[in-house]
Amino acid sequence: MKSRKTISTTILLVLACFSLSVTANIAMADQNLSFRVRLRPHVFANVVSTVVTNPSFPTGGMTVLTVHGFGHTGSTFGNLTQAIFNSAQYRSSVSNVVSVNLPGHGLSSGPILEDGGQLKYGELSIEDYAIAVTETIRRLDALQLRPQVVIAHSMGGLVMTVAQQALISRQQSLGVDLGVQKVVLMNAVSPSPAPFFLADSGVGAALVAPFVLSDPVKGLYVHIPVPNWLGFFFTDHFGNFVPGTPSPQEAVSRGYISDEPFRLGLRLSRLPAGNVRP
Amino acid sequence: MSEGIFLPSLHTSVVVVSTEQDILTVPSELQALYTFLTEDEDLSGFRFISGADAVHDTYISNPNALLDAIFGTNHDGGAA
């Protein structure tokens, strides 16, 4: 049973430390790749990526990996994928676009617990997401689909910087060890200490707080209703929806929208006791 | 987060894209992000997309507006 709850500063106390190690298995079906990724000790997720192959240039071009933002899914990159494949200038450059769904988004599972594992969906962190993406890149490499370019949007940009930081801490990097030649950060969330107005001003907290829900199984999570979701992401400085905004029905039927763990809401918006951005 | 985690020596170039009408991020902070990550004060990998329809999710509503920013020549001279 869901109930809307007020944010409490005590919520962060339940957050636990975890390791960065990963193990995984692979299963392939149609155009979806599912990787079993170890997020933390005894905690796994099935991370599902959708592979779209360029019909006019199926081999010989680069593979592009996309990483979605807060409250989004990999499905949101469908229009961009088609734009690439239809572009006279770039369609002969890209053979595959792989859109990852972060844990708990789209077809990807939330936390899967083995004996001794403890983690609710609402406690998934940006570090868990970074592990999911890094491991996805490794698995794609094993399938001859190593991405040379990563396109990351909004929170996905933060995921990529956290991933790079984690690799560097192990004397690795996206470029040298995983072969990623270019990372494109679209309207990305900035890591601290780089400025991030939405968080630093408190506006982000005000935006997210009304949409925090509680569930006995999932824990605390952020559920943005469709009209608000469209308003956040498709309106201009004057509050007008721009041409090309999907209808509410399209946003739902195309699977654009996802709930988000409360932990991510804290991380991005600096809600009380949430000043723990990387 | 450490500064310079995308220095050229690490072999991953970075492009940071900012859109004019985004209500969630602002160009100045994305410029700062680019410099923070790359230590490139010339902002050669920063791309500003102007336009009345350049919102946070332009990659959905008008993806063609982003293709040059994504795939165009980067500051290191590499097209990819």
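Trainee: Leaving aside neighbours within four places in sequence, which residues is Leu185(A) in contact with?

Mentor: This is a predicted model, in which local features need pLDDT of at least 70, side-chain atom pairs count only at pLDDT 80 or more, and totals for chains, interfaces and linings use all residues; side-chain values use heavy atoms, with hydrogens and water left out. Residues are numbered from 1 along each chain as its sequence is written, while chains are lettered from A and ligands numbered from 1 in the order in which they are written. Contact means heavy atoms within 4.5 Å. By that rule the partners of Leu185(A) are Ala152(A), Gly157(A), Met160(A), Thr161(A), Val14(B), Val15(B), Val16(B), Val17(B), Leu33(B) and Leu37(B).

Trainee: Which residues touch the most other members of the largest nonpolar core?

Mentor: A nonpolar core is a set of buried Ala, Val, Leu, Ile, Met, Phe, Trp, Tyr and Cys residues joined through side-chain atoms within 4.5 Å. Buried means under 20% relative accessible area, exposed over 50%, and partly exposed in between (1.4 Å probe, protein chains only). The largest such core has 102 residues, and the two in question are Val67(A) and Leu185(A).

Trainee: Which helix gives the largest share of this core?

Mentor: Helices (H or I, at least four residues) and strands (E, at least two) are DSSP runs, numbered from the N terminus. Chain A has nine helices and twelve strands. The largest share of the core, eight residues, comes from residues 126-142 of chain A, helix H2.

Trainee: Is Thr136(A) buried or exposed?

Mentor: Thr136(A) is part of helix H2 of chain A. Beyond four places in sequence, Thr136(A) touches Phe35(A), Val47(A), Ser49(A), Leu65(A) and Val100(A). Because the relative accessible area of Thr136(A) is 1%, this residue counts as buried.

Trainee: How much area do chain A and chain B bury between them?

Mentor: Buried area is the accessible area (1.4 Å probe) that two parts lose on being put together, summed over both. The contact takes 61 residues from chain A and 46 residues from chain B. Of the area buried, 65% is on carbon and sulfur atoms. The total is about 4600 Å².

Trainee: How many salt bridges are counted between chain A and chain B?

Mentor: A salt bridge is a side-chain nitrogen of Lys or Arg within 4 Å of a carboxyl oxygen of Asp or Glu. Between chain A and chain B the count is zero.

Trainee: Which element gives the largest share of the side of chain A that touches chain B?

Mentor: Elements giving two or more residues to that side include strand S5 (62-67), helix H1 (78-86) and helix H3 (155-169) of chain A. The largest share, six residues, comes from H3(A).

Trainee: Where is Pro41(A) found?

Mentor: With 34% relative accessibility, Pro41(A) counts as partly exposed. From C-alpha to C-alpha, Pro41(A) and Val52(A) are 32 Å apart in space and eleven residues apart in sequence. Pro41(A) is in the loop between strand S3 (32-40) and strand S4 (43-53) of chain A.
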